[in-house]
Every structure is written in structure tokens, then in C-alpha cells.
Amino acid sequence: MAEVKTTLQDIDLSGKPGKAVAFAGQLDETNVDTEAKKIYALIDEMATPNLLLDLEGLTYMNSKSIGYLTDWYSRTAAKNGKIVIARPKPNILDILKVVGITQIIPIFETIDEAKLALSAAPAAA
Amino acid sequence: MIPTDPFMASSVVSKTNAMTEAPIKIMITIPTNGYFLSGLRDFTMNLVRNMTGFSEQWAFRFQSVIDELVNNAIEFGSAPGQDVKITFLSQKGKSIEIFVEDTGTGSQKKTAEQMVKWVEEHRHINPMQITSIRGRGLSSIVANWTDVLEFKNSPAGGLIVHVVKYLEKGEQL
């Protein structure tokens, strides 16, 4: 059975509160529903959810976990929040590209770049 | 070694086998339980990396291909307590083939005709228009990372999914 560890951490985004969510291990059919609930709870409890998903420790993600990414994106956007991805391994970036997630969620090579993107004011409607 | 199943007899490996190096053929049967997916991915990674001539990148990609195909078989095609059969065929330096066969006992079993229609309807959808959690495995991942994706109804009542990836069209050794 695949193992994954999800760690949540408060981050400061130039005065705005945010959360860093670090995944380590593998996200697959056996564990992704359980892990997803933690992120939904986070989005629900934050007034304006600004989430930095740190994927440095993630070695595998299946299509369902990618589906959750898009749903988290929609839910954060609905609350005027943002979601960005940082430090995906090459195989994770490869699968995010093939399903088109890179057209939806910004991806950064470093935590600092990801924080900077989250800190920026939202684009005018 | 020529496959005895008629669908597998049509495989790329069986057609090209006569005058070339013997292909690798490995058959695995697992219970309908996601618990085994992680081990199956590890096996696939090692097989592709060490025995097929495909690159590291394709080893990772085939981890996803096998994971998505077998998970679909568990979720839709084979009832709890039944099996899923997986067959790997590889002509080193030329191709990788995978057959995944369910038993057709699942409560949401699909026919080959339904699967062909589903893939055709979904494989060119703009990713920004997909709003559901599911629906990317077969039509995005498997369809994009294989050269052949076909379906057949098995004589036993299940579904056989057959994928092929040719090295010539993909990656360097």
C-alpha cells in the first residue's frame, strides 16, 4: 500500500496568511481520498485560502489526485484565493503537463518563487 | 513464444518475434484490491528501466499507464474477490505492450464498444473544461503516452485493454 505524509505549515505572504502543504510519498487510489479531506478542510476554514503545494517529496501521483488538484484550484478561486505548486520532481511535472494542469495552476521551481506568486495581488477582474 | 489468446496473438511482439531476439513476456494476476498497486508500479518501473531499452522517463510514464489501467479494472471490471490479469510483452529496444484483463463481474463493467466511444469523446477535451475529479487517466495519461490503445471483449465476458508504445516514436535508448 502506498504511503504518503501530508504536512501543513503557516506561511507569511507579505502580510497575508497562507498555508504550505507538503506531500511526501505516493498519492494513489488507496490514500488520496483521505489526504484530500485535509485540504478541503483547510480551504473551508480559511477566509481567503492561499495554498502553496510543495511537491518536493512526492514521488507518484495518480489521475485522481490530479483531479483533486483542479477541484482545490476551483474552490480556492471561488473564495478569491490562490493555489500554486512548487518543486515537483521531473516525473511529477511530466504527468502534470500531460493532463494540462500546467495550463491551470502555476508551477515554480523554488518555494520563494511560489511564495512571491501567492503574495502578489490578485489580477483585476 | 506465441501468445495463445487470439487478441494477444495480434500483438506487436508476436508479429515481429520470428526473426529477432526473444521477447520478454511476464504475466501477473492480482486480486481486485488497490493494496497491490504500489508493488505493481515498482515492478513496472524496474521492468521498463532494466529490461526494455526505454528511458527512465518512460519507466515513470509506464508506472502511470499500468496504475491507471489496473485501477480501472479494479474499479469497474472485476468484482471484489475476483482478479485482474496483466501481461507485459517487450521486444527490447523496440516496444512495450501491456494487456489488462478484467473478469467482467464488476458492477460498473464496460464493454469494448463503450470504452472506444468514451475515449473518443474525451481524449481531445480541453483540460480546463474537465471539472470532475475522475476522467483523466485513460483519456489523457494512457492515450497520450501510448501509440496504440484498443479494447476487446474477452470470451469470458470481461474487458481486455491493450496498449503499445514503440521506442522508435518515443525516446532514445
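1. Helices, in this note, are DSSP runs of H or I with at least four residues, and strands are DSSP runs of E with at least two, each numbered from the N terminus. On that basis chain B contains six helices and five strands. Their order along the sequence is α-α-β-α-α-β-β-α-α-β-β. The model under discussion is a predicted one.

2. Chain B has 173 residues, of which 41% are buried. Among its contacts with a separation of 6 or more, 69% involve residues 24 or more positions apart.

3. Helix α6 of chain B, residues 137–144, is mostly covered, with six of its eight residues buried. These are B:Gly137, B:Leu138, B:Ser139, B:Ser140, B:Ile141 and B:Val142. Within chain B, they pack against α4 (56–77), α5 (112–122), β4 (148–153) and β5 (159–166). The buried residues of α6(B) also pack against two helices of chain A, namely α2 (63–78) and α3 (90–98).

4. The largest nonpolar core comprises 60 residues, and those with the most contacts inside it are B:Val65, B:Leu69, B:Val70, B:Ile98, B:Val100 and B:Val142. Helix α4(B) gives the most to this core, contributing eight residues. One residue of the core, B:Leu69, is in contact with B:Ile98, B:Val100, B:Val142 and B:Val161 when its neighbours within four places in sequence are left aside. The reader may note that B:Val142 is also one of the buried residues of α6(B).

5. Is B:Gly81 buried or exposed? B:Gly81 is exposed because it has 10 other C-beta atoms within 10 Å. Its C-alpha atom is separated by 23 Å from that of B:Asp42, which is 39 residues away along the chain.

6. In chain A, strand β1 (residues 4–13) deserves a separate remark. One of its 10 residues is buried, so strand β1 of chain A lies largely in the open. Strand β1(A) is joined by 10 bridges to strand β2 (residues 16–27) of chain A, and the two run antiparallel. A:Leu13 has A:Lys16 of β2(A) as its bridge partner. The hairpin formed by β1(A) and β2(A) has two residues between the strands, and in this hairpin A:Ser14 takes a positive phi near 50 degrees.

Notes
Residues are numbered from 1 along each chain as its sequence is written. Chains are lettered from A and ligands numbered from 1 in the order in which they are written. This is a predicted model: local features need pLDDT of at least 70, side-chain atom pairs count only at pLDDT 80 or more; totals for chains, interfaces and linings use all residues. A residue is buried if 20 or more other C-beta atoms lie within 10 Å of its own, exposed if 12 or fewer, and partly exposed in between; C-beta atoms are placed from the backbone. Two residues are in contact if their C-beta atoms, placed from the backbone, lie within 7 Å. Two strands pair if DSSP finds at least two bridges between them. A nonpolar core is a set of buried Ala, Val, Leu, Ile, Met, Phe, Trp, Tyr and Cys residues joined through C-beta atoms within 7 Å.
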